[in-house]
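Q: I'm new to this one. Can you walk me through it?

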Amino acid sequence: MPERRPGRRVVITGLGAVSSVGIGVADFTAAIRAGASGISPIRSFDTTGFPYVRGGEVHDFEPRDILRAIRPEQWGRSGLLAAAASRLAVEDAALDPGLLSRSRAGSVMGTTSGESAVLQDLSEQWVGDGLKSIDPGLVTQLPAGRIAAAVNSELGLTGDALTIPTACSASNYALGHAFDLVRSGEADLMLAGGADAVNRLTHAGFYQLGAMAEEVPRPFDTHREGILAGEGGAALLLEPLDHALARGARIYAEVLGSWANCDAHHMVHPDSASIAQCIRDAHAAAGVTPDQIDYVCAHGTGTPTNDATEVQAVREVFGDRLPPVSSIKSMIGHTMGAASGFGAVICCKAIEEGFLPPTANVVEVDPALGPGLDPVPGTAREARVDIVQNHGFAFGGNNVITILGRVS
Amino acid sequence: MTTLAPEAGTAAGTARPDTLPATVRPDLPAVRPLVVTGHGVVSAAGYGLAPLGDLLAGGGPGHTGPQGPDAADYPPIAVRSVPGFRLADHLGRKGTRNLDRLTGLGLVACKEALLGLADAGAAVSEEESGRTGVVMATNTGSVQSLSDLARDTLVQDAPYMVNPGRFPNTVMNCLAGQMAIRYGLRGLNATVAGGRLSGLFAFRHARIALDQGRAERLLVGGTEELSAPAAWAWHRTGALSERGAIGEGSALFMVEDAERAAARGHTPLAELLACEVGFYGAGAGRHSLASGLAACVERALVRSGVTAAHIGTVALGATHHVGLERIEERAVRAVLGAVPGAVRIADALGETYSAAGAFQVAAVLAGWRRDPAAAGTVPRVALVTSVGQDGNAGALVLRDVPRG
């Protein structure tokens with residue numbers, strides 16, 4: 001069994017969100033609390049010929065409004081989303097940017113599809129005039145590692161610039177690794193999070209897998225059909241507790257622990273026993289017990305398979321006393337590599353402001369998911385929240401659970 | 001704690017190019033040695049460390065010429081490919097039909113590593129499989145799969161007509177997931193991307209994960225595949241000089257804590273010591289990138305408990321990269337005063353990008369195996385360096401384990 005490891009206590013003091021329901025953590029949180037929808041007709045590519053044409057795009061993202069150092073034309077959309085979210089997180093933390101860049105600081109950013117919008121442009125050039133015509137400037141923007149590089153470049157960070165392309169649990173994995181870097185003393189300040197962009201290939205692929213909904217995502221609902229692909233950037237600033245206290249920082253939450261495992265079973269079908277083991281190991285790593293968990297921020301994609309598997313795994317650990325389990329993907333769509341980053345952001349705000357984030361679009365909680373499931377339908381509910389559990393699962397069978405708690 | 005320590009080397013980097021950093025943070029602790037207990041290598045030299053060692057010693061190129069169905073579509077660029085690679089020859093047809101070349105190369109390296117471990121009496125037991133995982137370096141995943149399917153959305157009768165059986169290949173953690181599925185590795189399953197530094201990031205990530213108790217054994221390395229789209233990407237950017245070639249392959253190493261391995265009787269092949277990285281991009285300039293890399297080398301030596309005088313081999317990564325090649329060698333000279341025992345893998349294997357760091361480690365091990373140290377001698381030490389146009393820089397220290 002994992003155990004709580006010695007090391008520095010690590011807290012989250014800054015939050016950044018560039019989402020389809022709001023830019024900046026205040027707007028994002030207000031929209032999530034209200035059960036707002038960020039789903040709309042896709043504009044970033046021509047949807048002619050696609051049976052389903054909706055997604056969770058961030059229509060009003062203007063990189064120049066947020067970014068101060070990097071030039072938007074030199075970076076792909078995913079990197080820009082990550083850098084903007086990170087810049088917003090540093091502002092939210094009221095941390096001197098000069099101190100940050102002089103510190104041993106870096107970033108760990110998750111992604112599913114990397115610079116997918118750049119790939120899309122390159123593939124159009126290939127089809128248009130052949131491989132000989134591809135734009136070398138775009139080629140240099142393609143590597144996934146550019147996402148964390150964008151964050152470090154924007155903030156002037158000289159520490160690790162690591163991108164974690166472990167698909168749809170990648171932000172949670174990034175958060176866990178950034179936590180390890182700070183608690184072990186390898187770094188003092190870290191940005192963790194993730195980014196992805198809506199794109200043609202992801203849209204086509206999820207449609208072909210039969211995992212996409214036509215109109216809206218309805219996690220935990222009897223009539224749920226699947227995901228809608230979303231996009232965005234999410235970032236959290238991690239720092240040692242002592243440092244946060246010394247500078248009088250607002251502390252959202254402490255990272256109590258995290259765990260990652262692999263189903264080693266199937267590329268796209270989740271496994272409830274493996275997820276349940278990941279939850280147990282995350283609890284052990286964080287030094288908490290199931291009865292202490294006030295809220296589960298679910299992976300909650302809204303596919304029939306995911307939600308059934310996820311609820312079954314939670315039952316295996318929690319028995320008949322399930323904490324509230326909700327999915328913010330019901331509002332912003334499945335933001336892929338950013339998804340569990342947005343989950344971690346809303347978990348921090350849930351602890352700070354005292355609410356349970358809702359699941360939108362729930363008309364009837366699926367009775368097949370069993371008794372006692374509370375997805376917090378509709379809008380947020382006021383509640384004291386001290387310890388939360390944030391889920392991320394992915395293609396490849398990658399499960400990552402993070403546990404965040406109030407610092408009292 | 002009221003102030004945070006300054007990042008070592010930053011001030012020196014902007015003001016005094018090519019000088020050592022003024023300070024190396026004094027409280028960065030020495031690292032616990034990790035050991036390599038097994039390896040799987042598939043390269044333009046062939047299968048395993050021995051042909052790679054022979055190729056590097058001979059100084060010639062590995063297998064040249066494009067492979068595969070799009071071989072005729074390559075631009076005029078030198079190529080070092082894995083000769084005659086067909087996945088079904090190694091793993092059979094079952095479950096391999098939809099897999100791409102990148103996944104195939106990695107799965108074969110994984111199989112070689114696990115077979116070698118079994119032969120050495122260090123197989124992954126059922127009990128260990130839940131705490132045995134993967135740390136794989138990549139940059140873009142399979143460029144072939146991604147570009148093929150992205151193209152399909154544009155040229156098929158309907159834009160959604162991508163092959164759902166191939167779609168999972170387009171996620172960048174596909175190989176790591178397939179390794180776990182095929183070989184029952186249920187521990188953490190990480191894929192890491194950091195441009196040319198991806199390979200060193202894999203070793204650094206493995207070190208931190210093992211130190212933090214997140215796994216007991218990790219298969220660590222990198223994999224790249226060649227394809228016409230990837231070749232055109234290299235050709236169009238002009239990142240390589242005219243002597244440069246592009247390459248492919250997979251190099252994987254089973255890594256665990258040295259004390260743990262000793263307690264279980266797992267024979268160490270080499271020790272992995274410190275792996276230090278930094279980011280010196282965003283207009284920081286070439287002087288800053290060179291002194292940033294020098295700072296990483298310096299930190300890696302200090303945390304490994306070795307000095308410049310111990311380094312007998314330097315495995316370089318940026319050979320034939322316009323600009324980067326000089327930066328890398330300048331940084332090494334700034335710290336070591338020379339480039340002792342230089343190994344330039346790119347001559348033999350071509351530019352292997354995110355797999356380069358893993359192949360540099362393979363080259364060091366292959367060289368040591370060709371010329372085993374006598375028992376009782378002072379262990380040889382090697383330095384692996386890496387630097388990328390994006391501003392990433394890093395260094396890893398390896399130490400030989402003389403046979404008893």
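Q: Which domains is chain B divided into?
A: Chain B has domain 1 (14-22 + 272-400) and domain 2 (34-264). These bounds come from an automatic or database domain assignment. A word on the source: this is a predicted model, where local features need pLDDT of at least 70, side-chain atom pairs count only at pLDDT 80 or more, and totals for chains, interfaces and linings use all residues. Residues are numbered from 1 along each chain as its sequence is written, and chains are lettered from A and ligands numbered from 1 in the order in which they are written.

Q: What separates the centres of domain 1 and domain 2 of chain B?
A: 22 Å, taken over C-alpha atoms.

Q: And how many residues of each are in contact?
A: 38 residues of domain 1 of chain B contact 52 residues of domain 2 of chain B. Contact here means that the C-beta atoms of two residues, placed from the backbone, lie within 7 Å.

Q: Which element gives the most to the domain 1 side in chain B?
A: H13(B), with 12 residues. Helices (H or I, at least four residues) and strands (E, at least two) are DSSP runs, numbered from the N terminus.

Q: New topic. How many residues of chain A are in contact with chain B?
A: 75 residues of chain A, and they contact 71 residues of chain B. Elements giving two or more residues to the chain A side include helix H5 (116-129), strand S6 (161-164) and strand S9 (253-262) of chain A. By class, that side has 36 nonpolar, 27 polar and 12 charged residues.

Q: Which way do the residues of S6(A) point?
A: Ala161(A) and Thr163(A) point one way, Leu162(A) and Ile164(A) the other, and all are buried. Buried means 20 or more other C-beta atoms within 10 Å of the residue's own; exposed means 12 or fewer, and partly exposed is in between, with C-beta atoms placed from the backbone.

Q: What joins S5(A) to S6(A)?
A: Four bridges, and these strands run parallel. Met109(A) stands opposite Thr163(A). Strands pair if DSSP finds at least two bridges between them.

Q: Why is S1(A) largely enclosed?
A: Because 10 of its 10 residues are buried.

Q: And which strands is S1(A) joined to?
A: Eight bridges join S1(A) to S8(A), running antiparallel. Two bridges join S1(A) to S9(A), also antiparallel. A hairpin connects S1(A) to S2(A) through two residues.

Key: Nonpolar A, V, L, I, M, F, W, Y, C, P; charged D, E, K, R; others polar.
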